[in-house]
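Me: Here's the model I want to walk through. Keep it short, and I'll jump around.

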Amino acid sequence: SIGTAATMAGFAALASRGQAQTARARWAILSDIHIPTDAQNEYRGFRPYENLKRIAPIIAEAGVDGAIVNGDIARLEGLPGDYANVKELLAPVFGKMPVAMALGNHDHRKNFAATFAESPGEEQAIRDKHVIVTQAGPLKMVILDSMLQTNLVAGLLGKEQRVWLEQYLPSAGNTPILVFMHHTPGDRDGDLLDTDRLLRLLTVNRNVKALIYGHSHSYSYDQVKGMHLINVPAIGYNFNDAEPVGWVHAEFGADGADFRLNAFGGNRASDGKVTSLQWRS
């Protein structure tokens with residue numbers, strides 16, 4: 001179980017600090033780690049196992065309050081051995097902070113749950129979906145489940161999850177919300193299939209400040225109706241040499257956030273660059 005005494009105590013302290021609206025929270029955002037059962041597995045010259053092994057101790061010592069792995073935790077089919085390796089590799093991080101996880105198209109719901117029985121924050125009662133709400137300083141993080149089927153590229157939130165979200169967002173009042181999910185909110189066949197319905201939901205609730213996702217193995221920033229769209233890079237490998245391989249150090253505040261790229265592979269030209277965003281009012 002990832003819910004060790006140290007981890008849960010750290011989360012409780014973080015949640016307590018989050019009551020102060022002037023507080024800021026620092027989180028490490030990882031995505032598409034693609035950890036295989038075979039540590040030697042390689043793709044495009046990258047070894048995802050070695051990549052995570054390299055950065056896990058760095059994140060553990062980065063002075064962050066928590067970490068999120070935003071989907072595609074497993075290499076391809078969500079094998080039990082994939083998750084066993086993730087648990088081992090991230091042990092330095094689990095021992096120091098809460099680690100939240102979203103499911104992606106290469107994950108397997110039952111195998112994931114068998115390895116990671118507990119999650120930081122509040123797990124929502126949505127059938128066949130792993131949905132978490134957790135505190136990050138003055139903000140709430142809503143972690144959605146866009147997995148449709150293991151090893152099927154496209155994603156889907158589905159009606160039950162969207163209905164829950166429609167009811168939850170107004171209930172949060174003026175608390176700023178960051179929404180996380182794995183899939184790209186686009187109109188390609190491999191993107192989130194109910195993107196339009198999700199964006200309508202998010203944009204009308206102005207307490208939603210950003211939608212943060214992975215899946216494309218790209219790093220970019222955009223907006224829709226003042227809400228930020230943040231595509232974080234992959235840890236495992238990129239799909240083309242123009243994209244970085246790395247993670248993002250985020251510092252969240254009630255009015256905005258700073259995102260610093262930590263690129264250790266691929267295109268490292270923007271390594272260390274900070275992107276500062278202001279939240280819509």
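Me: What does Glu42 count as, and at what relative accessibility?
Reply: Glu42 counts as partly exposed, at 45% relative accessibility. The bands are: buried under 20% relative accessible area, exposed over 50%, partly exposed in between (1.4 Å probe, protein chains only). Bear in mind that this is a predicted model: local features need pLDDT of at least 70, side-chain atom pairs count only at pLDDT 80 or more, and totals for chains, interfaces and linings use all residues. Residues are numbered from 1 along each chain as its sequence is written, and side-chain values use heavy atoms, with hydrogens and water left out.

Me: OK. Which residue does Glu42 form a salt bridge with?
Reply: Arg47, with the closest N and O atoms 3.4 Å apart. A salt bridge here is a side-chain nitrogen of Lys or Arg within 4 Å of a carboxyl oxygen of Asp or Glu. Arg47 is partly exposed too, at 33%.

Me: How many salt bridges in the whole structure?
Reply: The search finds ten. One of them pairs Glu61 with Lys96, closest N and O atoms 2.5 Å apart.

Me: Where do Glu61 and Lys96 lie?
Reply: Glu61 is in the loop between helix H2 (48-60) and strand E2 (66-70), and Lys96 is in the loop between helix H4 (91-94) and strand E3 (99-102), so the pair ties together parts 35 residues apart in sequence. Helices (H or I, at least four residues) and strands (E, at least two) are DSSP runs, numbered from the N terminus. Glu61 is exposed at 59%, while Lys96 is partly exposed at 45%.

Me: And what about Arg109, which residue does it form a salt bridge with?
Reply: Asp145, with the closest N and O atoms 2.3 Å apart. Arg109 sits in helix H5 (residues 109-115) and Asp145 in the loop between strand E6 (139-143) and helix H6 (159-171), so this bridge links parts 36 residues apart in sequence.

Me: Asp145, buried or exposed?
Reply: Buried, at 0% relative accessibility. Arg109 is partly exposed at 22%. Elsewhere, salt bridges that share partners join Arg24, Glu251 and Asp258 into one network.

Me: Switching to the sheet. What's the strand order in the open sheet of six strands?
Reply: E3-E2-E1-E11-E12-E13, with mixed pairing. E3 and strand E13 (274-278) are at the edges with a single partner strand each, so one side of each has no neighbour in the sheet. Neighbouring strands are turned by 20 degrees against each other on average, direction ignored. Axes are lines fitted to C-alpha atoms, for helices over the stretch in contact, and angles run from 0 to 180 degrees between N-to-C directions.

Me: How many bridges join E1 to E11?
Reply: Five, between strand E1 (residues 25-30) and strand E11 (residues 244-252), and the two run antiparallel. Two strands pair if DSSP finds at least two bridges between them. Trp27 has Ala250 of E11 as its bridge partner.

Me: Then E2 and E3, parallel or antiparallel?
Reply: Parallel, joined by four bridges. Asn70 is bridged to Ala102 in E3. Val99 and Met101 point one way from E3, Ala100 and Ala102 the other way, and all are buried.

Me: Which residues of H7 are buried?
Reply: In helix H7 (residues 195-204), they are Thr195, Leu198, Leu199, Leu201, Leu202 and Thr203. They pack against H6, strand E7 (177-180), E8, E9 and E10.

Me: Back to the loops. Where's Ser218?
Reply: In the loop between strand E8 (208-213) and strand E9 (220-224). Ser218 is buried at 17%. Leaving out residues up to four places away in sequence, Ser218 touches Asn231, Val232, Pro233 and Glu243. Contact means heavy atoms within 4.5 Å.

Me: And the place of Asp241?
Reply: The loop between strand E10 (227-231) and E11. Asp241 is exposed at 60%. Beyond neighbours within four places in sequence, Asp241 is in contact with Arg44 and Asn267. Asp241 and Glu42 are 199 residues apart in sequence but 16 Å apart in space, C-alpha to C-alpha.
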